[in-house]
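Hi,

Here is the structure I promised to pass on. Have a look at it first, and then read my notes below.

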Amino acid sequence: MGKIAFVFSGQGAQYSGMGKEVAENVPAAAEVFKVADSVREGTSKQCFEADKEELTITSNTQPCIFTVSLAMAAALEAEGIKADYAAGFSLGELSALTYAKAFTLEEGLRVVSERGRLMQMDAEKHDTGMVAVLKLADEKVQELASKYENVYPVNFNTDGQVSVAGNKEELEAFKADVKEARGLAKPLAVAGAFHSPYMSDASEAFGKFLETADVNAPQIPVFSNLTAENYGEDVRGYLKDQIVNPVLWKKIVKNLVAEGVDTFIELGPGSTLAKMIGRIDKTVSVYNVENMETLQKAVEGVKNA
């Protein structure tokens with residue numbers, strides 16, 4: 001068997017009740033929620049009971065998905081399954097770094113809560129949004145976006161899928177261009193133009209905040225959204241710059257495969273990353289863990305490989 005990568009869900013995958021079933025059945029997962037509640041009161045209740053509208057608020061989304069993702073990782077580790085590598089999509093990068101011991105769970109939650117708060121503040125300053133562009137090459141999406149002053153390709157997900165952020169008025173015109181080019185633009189369930197210049201204030205403030213954070217070198221390689229390469233020890237700088245730069249997800253997956261990873265397990269709500277990975281490389285085994293059924297499937301798949 002080759003190597004295992006844990007990949008951690010990003011924003012937009014949230015839903016009411018996420019993590020509840022595993023927390024009720026796996027003590028290691030329940031402990032993660034308990035710690036989260038000690039740092040940010042009400043986190044468990046928000047994950048388990050909050051409606052879609054409340055969970056879409058960035059300052060709630062980020063700590064909630066972070067907590068669910070780390071709880072799923074704890075459930076897998078309780079079954080004896082650990083990662084050789086880690087990566088995360090946007091917000092998920094903080095989950096990956098916490099899994100890799102760059103942060104304690106408590107400190108990781110403190111950091112992700114501040115990240116969510118700052119990004120929410122920037123999101124509220126502007127009338128912005130994001131769309132996923134399907135069926136067009138990366139270069140074509142970049143060409144169409146370049147016509148607009150405030151539209152930016154920001155997430156390079158997989159072949160034929162790029163997320164674009166920007167001013168809502170310009171995004172509407174951009175969507176018409178995408179349609180004319182025979183592509184498809186779908187709105188994303190996020191509250192701002194993430195990974196674009198619209199997040200510059202959040203990036204600067206987060207960089208200053210990180211100077212106060214207790215950060216260690218990751219104990220396993222974590223691949224960066226910013227470079228698609230191993231973080232190394234520059235955790236603070238990469239996390240600050242990540243907020244205003246594109247997510248190079250497709251390249252991350254290809255680089256992990258080149259490192260010998262043949263099994264990817266997405267941890268957290270939904271299966272967005274798992275589906276992307278399956279399209280990027282059809283030779284690897286891919287699982288997602290968000291409830292007891294998917295946990296069991298992943299455990300059986302890895303142990304029987």
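What follows is a short tour of a sheet and some aromatic pairs.

Please keep in mind that this is a predicted model.

Let me start with the sheet. It is open and has 4 strands in the order β4-β5-β3-β6, with antiparallel pairing. Strands β4 (151–158) and β6 (184–187) stand at the edges; each has a single partner strand, so one side of each is left without a neighbour in the sheet. From one strand to the next, the twist averages 30°. The partner of β4 is β5 (residues 161–167), and the two run antiparallel with 6 bridges between them. Within that pairing, Pro 153 has Val 164 of β5 as its bridge partner.

Now to the rings. The structure holds 9 aromatic pairs. One of them joins Tyr 152 and Tyr 198 edge-to-face, at 6.3 Å centre to centre and with 80° between the planes. Tyr 152 belongs to strand β4, while Tyr 198 sits in the loop between β6 and α10 (200–210), so this pair ties together parts that are 46 residues apart in sequence. Tyr 152 is partly exposed, at 21% relative accessibility, whereas Tyr 198 is buried, at 13%.

Tyr 231 and Tyr 238 also pair: their ring centres are 5.0 Å apart and their planes meet at 50°, so the pair counts as tilted. Tyr 231 is buried, with a relative accessible area of 3%, and Tyr 238 is buried too, at 19%, since the cut-off is under 20%.

Finally, ring pairs link Phe 6, Phe 8 and Tyr 99 into a cluster.

Best wishes

Methods:
Residues are numbered from 1 along each chain as its sequence is written. This is a predicted model: local features need pLDDT of at least 70, side-chain atom pairs count only at pLDDT 80 or more; totals for chains, interfaces and linings use all residues. Side-chain values use heavy atoms; hydrogens and water are left out. Two strands pair if DSSP finds at least two bridges between them. Axes are lines fitted to C-alpha atoms, for helices over the stretch in contact, and angles run from 0 to 180 degrees between N-to-C directions. Rings of Phe, Tyr and Trp (its six-membered ring) pair if their centres lie within 6.5 Å; planes under 30 degrees apart count as stacked, over 60 as edge-to-face and the rest as tilted. Buried means under 20% relative accessible area, exposed over 50%, partly exposed in between (1.4 Å probe, protein chains only).
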